[in-house]
Amino acid sequence: MAALTVLDPGLLATVQDLGRPGRGALGVAVSGAVDPLSLVVANRLLGNADGAAALELTLEGGAYRVEADTHIALVGAPMPLVVEGPGAARRALEPWAAHALGAGLKITKHVQ
């Protein structure tokens, strides 16, 4: 079962890892995360391998529903995201930190 369901991907949300360096001769582009350092930090906050794949968000953040208890990390450029749901007060997700989230919560862009 997936831990997150994408309700709205926002602008240019993709799944990224550290890419495929050294395979250009085979016609494979390096690709990977736009901010590889942030990807590594997020993975270390969560106890994952440095190059584990992550959801990379740009500009708008999107909206996601937590389907199973999970942990996420919010790193990189400032992006005000909030979490809310049944029995949980609306709260901002602190940047550069890991967050434990319970099933049923929703993650969205903070709109004032």
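A search of the whole structure finds four salt bridges, where a salt bridge is a side-chain nitrogen of Lys or Arg within 4 Å of a carboxyl oxygen of Asp or Glu. Please keep in mind that this is a predicted model, in which local features need pLDDT of at least 70 and side-chain atom pairs count only at pLDDT 80 or more, while totals for chains, interfaces and linings use all residues. Residues are numbered from 1 along each chain as its sequence is written, and side-chain values use heavy atoms, with hydrogens and water left out.

Let me take R20 and D17, whose closest N and O atoms are 2.9 Å apart in their salt bridge. D17 is buried at 19% relative accessible area, whereas R20, at 37%, is partly exposed; buried means under 20%, exposed over 50%, and partly exposed in between, with a 1.4 Å probe and protein chains only. Another salt bridge joins E67 to R65, at 2.7 Å from N to O, and here E67 is partly exposed at 22%, as R65 is at 34%.

R90 and E84 also meet in a salt bridge, at 3.0 Å from N to O.

Turning to the sheet, five strands form an open, antiparallel sheet in the order β1-β4-β9-β6-β7, strands being DSSP runs of E of at least two residues, numbered from the N terminus, and two strands pair if DSSP finds at least two bridges between them. Because β1 (4-8) and β7 (88-92) stand at the edges with a single partner strand each, one side of each is left without a neighbour in the sheet. Within the sheet, four bridges join β6 (residues 81-85) to β9 (residues 106-109), and L81 has K109 as its bridge partner in β9.
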